Amino acid sequence: MAVVEEKGLASGREDYTQDGTVDLKCRPVLRSNTGRWRACSFIVGYEMIERMAYYGISSNLVLYLTKKLHEGTVKSSNHVTNWVGTVWMMPAAGAYIADAYLGRYWTFVIASAIYLLGMCLLTLAVSLQALRPPPCAPGVADKDCQRASSLQAGIFFSALYIIAAGTGGTKPNISTMGADQFDEFEPKERHRLPSGSPLTSIVQVFVAAMRKCKVHVPDDLNELHELSKEEYYASKGRSRIYHSSSLRLTLGNLITLTNVCSFLDKAAVKTGQTSLWILCTVTQVEETKQMMKMIPILITTCIPSTIIAQTSTLFIRQGTTLDRRMGPHFEIPPACLIAFVNIFMLISVVIYDRLFVPAIRLYTKNPRGVSLLQRLGIGLVLHVIIMLTACLVERKRLSVARENHLLGQHDTIPLTIFILLPQFAFTGIADTFVDVAKLEFFYDQAPEAMKSLGTSYFTTTLSIGNFLNTFLLSAVADLSRRHGRKGWILDNLNVSRLDYYYAFLAMLSAFNFLCFMVVAKFFVYNDDVTQTKMDLDMNPASSEDNTGISQSTPQPDAKS
């Protein structure tokens, strides 16, 4: 009986999660009672409802600004991209708060309440007549219509930016909360305790390295400061990372360490002082390296977000000038075209996972079919195609407008609105490659303690891309009007030259793709634990030769 009881206790201990996750009362959790898909179903449900609310606002915002607040093409488009840019910038702050103070769960809950407050205020702002300007009188030109007062505009935009603040707390944590529901060591509702600010940790490494800039890094890397595995897990709640050359460049068989890599190693050199701003652990240094080496990828994946910004601004404005009739009694709203982005993305995701990956895996021997950076590269090529398609469609629209002498601002061009469908469809297909791979890449390559920060890298690219669109649109509109010229981007799209602007974005995307190719060529992956396990499953015979997996061992991406 004693033997049976002892065996039962041992089995009970084994059923607890081993990756540091706890319940809301900070107690260890049982795999059999918590997490997994039961908890994920609530997360998926929230994400679906929140995305419906967000896209309902973003897709119709440019039309509301032009038709209800009487703003021009450039101003309304810039307001949209500034708001969307802020929406995607706030997750960096949300990730910081979650990792340093509140944890992912409570950050998510509080931010959701803020989001709801913003939605309620926005509903009031667009529903009450006193909170919006009166409609234009018949025969009054749009430029002469009464604009929104300071109070009306203030309430409306305050509501929008409160929503942006709420998004900042939910967006970087929802994906990582979903991943937390599955134990890494034994692949159920639980959350992670805040483990300290990753930004503070990164700054400490740089400060310590600069304060010891004249110190020599020992040849024996075992002399660098590090806690034992047991001490690190007990104090930090995570495993340590072994020293590696994470910031190295690979060129053929030549491997060279960058100066940055050697410089950061100085933060872990022992000098007799133990201040966290003077002495850092090897794990802390390696985490910093892993986050820093993703920055070039971050920079080269911002331009796609600039391209995507056109779907909620200029593409929709184009739709207002086309024939939107579907039968004798119904006109399709221009903003509905954005639905085709999601439809084609869902279709292409299924085709990619079910057909493309199994087929290409036979040749590449990569469990993912192609590497994450290769997938990104395919998406960047598609973004060039998107803008070339948009340019050709716009040239056709302008040609028909001139042929029929329909050059008035409110004239409807005798072309079906579905002529815009290809550029929306290509956008959805491109999202399958760029957005999915980008999110997976930043999450996968971020160290365990900085997953939320890694996810915020993804949202940061979206933010920068939208702010960049604001700059480009304003600059092009201003420069093209100089020296008495008519300008490319006017309030009257029937006499504008959006085709020139789209051609410019196509060239910018092509140049960005070349820059990405250079960066991807020199990128070195971290060892992918999940991918390695997949390799072992696909090739069981090799599993006997693999006794362990080190998270920090860099693996060059020979296929990128």
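Modeller: Happy to! A residue counts as buried under 20% relative accessible area, as exposed over 50%, and as partly exposed in between. Please keep in mind that this is a predicted model. Let's begin with V109, which is found in helix α3, residues 73–127. V109 has a relative accessibility of 32%, so it counts as partly exposed. V109 belongs to a nonpolar patch on the surface, together with I97, Y101, L102, W106, I110 and I114. As for spacing, an α-helix has 3.6 residues a turn, so residues three or four places apart point the same way.

Now for your cysteines. Searching the whole structure turns up 1 disulfide, and the partners are C136 and C145, with sulfur atoms 1.4 Å apart. A disulfide is a covalent bond between the sulfur atoms of two cysteines. The angle about the S-S bond is 135 degrees, and the link of C136 and C145 is right-handed. How covered are the two partners? C136 has 28% relative accessibility and so counts as partly exposed, whereas C145, at 6%, counts as buried. Elsewhere in the chain, C280 has a relative accessible area of 1% and is therefore buried. C302 is buried as well, because its relative accessible area is 5%.

Definitions and conventions. Residues numbered from 1 in each chain as written. Predicted model: local features only at pLDDT ≥ 70, side-chain atom pairs only at ≥ 80, totals over all residues. Heavy atoms only, no water. Patch = residues over 30% accessible without salt bridge, like charges linked within 9 Å, V, L, I, M, F, W, Y side chains within 5 Å. Areas by Shrake-Rupley, 256 points an atom, 1.4 Å probe, with all protein chains shown as cover. Salt bridge = Lys/Arg side-chain N within 4 Å of Asp/Glu carboxyl O. Helix = DSSP H or I, 4+ residues; strand = E, 2+ residues; numbered from the N terminus. Buried < 20%, exposed > 50% of the residue type's maximum accessible area, 1.4 Å probe, protein only. Disulfide = S-S within 2.5 Å.
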